[in-house]
Amino acid sequence: MEPLVRTAELCVVRTRRPDGLRIEGVVDAQGHQHLRAALKAVEQVDGDIQLDLSRLEFLDLGGLRLLMAFARSRAAGSQVELVGLAPHLREVISLVGWDETPGLRLGGGHGN
Amino acid sequence: MATDSGTSGAGFVHHASLYDSDEAFLAMALPFAEEGLEAGEPVLAATTPANIELLRDALGARAHGLDTAETAYFGRRPVERVSSFLRYVNRREVPGRRTRIIAEPLWAGRSARQIAEWKRMESGLNVLLADADLWMICPYDTRTVPEDVAAAARATHPGHVAGAEILPCAAYVDPDAYAAADAPLPPPPPGADRLDGPATPAAVRAFVRGSAAAAGLAGTRLAMAEIVVNEALACLFDHGATGARVCAWEQPGIVAWDLSATGPATSVPAAWAGFAPPGERAGPFDGLWLIRSLCESVEIRTVDARLRLRLRYSGKNDAERI
């Protein structure tokens, strides 16, 4: 399938079963607008969303905030699961207090 | 003690209390806590275990209503201390009622750098907590604190407790003026590694991975260093930098990164920027808060109108992180 985003640093692919996105590469200040656009493409999807971060090379604080805001924006009862979350990002999420974000589920990590 | 520092809704009230005996500590702390508890106000004693015990014994059964925190663990560094205060106020505040905190900073055993940072934070609290309906008294034990720390208490608190009275501190210095006295940074050491070529975010991150790995960092600690320096670079660009000079070096226990903007700053972060944790909405200093939270120290200077950030990050020998 054609990726939703393809730049030199970032590729975002729409995934099915489970519905969601696979985010690959680098999200820094230049990547925010692309990530925002990709998240918009799945905002109408009913039910749970899975965001596969296992091929992410770098995600900055602003990018992480976009994921949190997306989880919070979902209808009550539907969850956003982050899979392949790197341990240091999990640490940042709890440091900020984002681990209590409604609708957010932190899935298994991968070593880094 | 005349505990009427102003009625509820007066905003932040910040007093020092220099005491030289258990009796003198209690003469301040007991009426302060008693009157708060009687008025149904949240009262926190963040002080030494010995002082918590003194205060509990003096309060008797009323001590059941007292919140306590062993001060050494209620924010290890200034940025964590500020978060601890804000979290307490957020979780405990009662609408229409003021919150009271006894907040005794710990000075014994701190390095000169840490003492300077804590003095600076005591001053910064006047700005950072300005909107909180909070009365904070900071006890300083003159039996143990050095004279310069006691003197700083009078410069960083608008008032102090003197026996049964609260008097203004004649030596009080406006927080921004206090921070303006930050010492200039020494230049990076001659052997520092320098990033060659344009400091694009990708190039700076690669440089940071290289210097972190050379310093023996790996895994989460290395990845975190990359996040931190990336945010520091973004901070320079947010304030008008057109590029940056970046260098790295090691000191025992520390990996240091220095980022110096090329091009004049269009604005300069306030001295207290990045001490309050990120809120519901994105804020301009969320990244700076993350940097402050993950580094041992962060120094921000403006040299010839150019912004400079120096980050000191715990190295591989930090046994707390092994």
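Helices (H or I, at least four residues) and strands (E, at least two) are DSSP runs, numbered from the N terminus. The structure described here is a predicted model, in which local features need pLDDT of at least 70 and side-chain atom pairs count only at pLDDT 80 or more, while totals for chains, interfaces and linings use all residues. Residues are numbered from 1 along each chain as its sequence is written, and chains are lettered from A and ligands numbered from 1 in the order in which they are written.

In chain B, the span of residues 14-158 is 48% helix and 19% strand, and its end C-alpha atoms lie 6 Å apart. An unreviewed UniProt entry assigns the feature "domain: MEDS" to residues 14-158 of chain B; UniProt positions are given in the numbering used here, feature names are shortened, and annotations may be inferred rather than shown by experiment.

Chain B contains an open sheet of 7 strands in the order β3-β2-β4-β5-β1-β6-β7, with mixed pairing. Two strands are taken to pair if DSSP finds at least two bridges between them. At the edges stand β3 (67-70) and β7 (165-168) of chain B, each with a single partner strand, so one side of each has no neighbour in the sheet. On average, neighbouring strands of this sheet are turned by 25 degrees against each other, direction ignored; axes are lines fitted to C-alpha atoms, for helices over the stretch in contact, and angles run from 0 to 180 degrees between N-to-C directions. Strands β1(B) and β6 (residues 159-162) of chain B run parallel and are joined by 2 bridges, with B:H15 standing opposite B:G159 in β6(B).

Helix α5 (residues 147-156) of chain B has B:V149, B:A152, B:A153 and B:T156 as its buried residues. These residues lie on the same side of α5(B), because they cover an arc of only 110 degrees around the axis. The arc is that of the directions from the helix axis to the C-beta atoms. A residue is buried if 20 or more other C-beta atoms lie within 10 Å of its own, exposed if 12 or fewer, and partly exposed in between, with C-beta atoms placed from the backbone. The cover over the buried residues of α5(B) includes β1 (13-19), α4 (112-128), β5 (134-141) and α6 (175-180) of chain B. Two residues are in contact if their C-beta atoms, placed from the backbone, lie within 7 Å.

A further open sheet in chain B is formed by 5 strands in the order β8-β9-β10-β12-β11, with antiparallel pairing. Its edge strands, β8 (193-194) and β11 (297-303) of chain B, each pair on one side only. Strands β8(B) and β9(B) pair in the antiparallel sense over 2 bridges, and B:D193 has B:A248 in β9(B) as its bridge partner. Between β9(B) and β10(B), which run antiparallel, there are 9 bridges; B:W249 stands opposite B:A256 in β10(B). These two strands, β9(B) and β10(B), form a hairpin with 2 residues between them, and B:G253 in the turn has a positive phi of about 85 degrees. Strand β10 (residues 254-262) pairs in the antiparallel sense with β12 (residues 306-314) of chain B over 7 bridges, and the bridge partner of B:S260 in β12(B) is B:R308.

Residue B:I254 is placed in strand β10 of chain B. B:I254 is partly exposed, with 18 other C-beta atoms within 10 Å. When neighbours within four places in sequence are left aside, B:I254 is in contact with B:E296, B:R312, B:Y313, B:S314 and B:G315. B:I254 and B:A305 are 51 residues apart in sequence and 28 Å apart in space, C-alpha to C-alpha.

Helix α8(B) lies across β9 (243-251), β10 and β12 of chain B, running at about 170 degrees to β12(B). This helix also takes part in the interface, where 18 residues of chain B are in contact with 15 residues of chain A. On the side of chain B that touches chain A, α7 (201-214), α8 (219-238) and α9 (286-294) of chain B each supply at least two residues, and α8(B) gives the most, with 9 residues. By class, this side of chain B has 9 nonpolar, 5 polar and 4 charged residues; Ala, Val, Leu, Ile, Met, Phe, Trp, Tyr, Cys and Pro count as nonpolar, Asp, Glu, Lys and Arg as charged, and the others, Gly among them, as polar.
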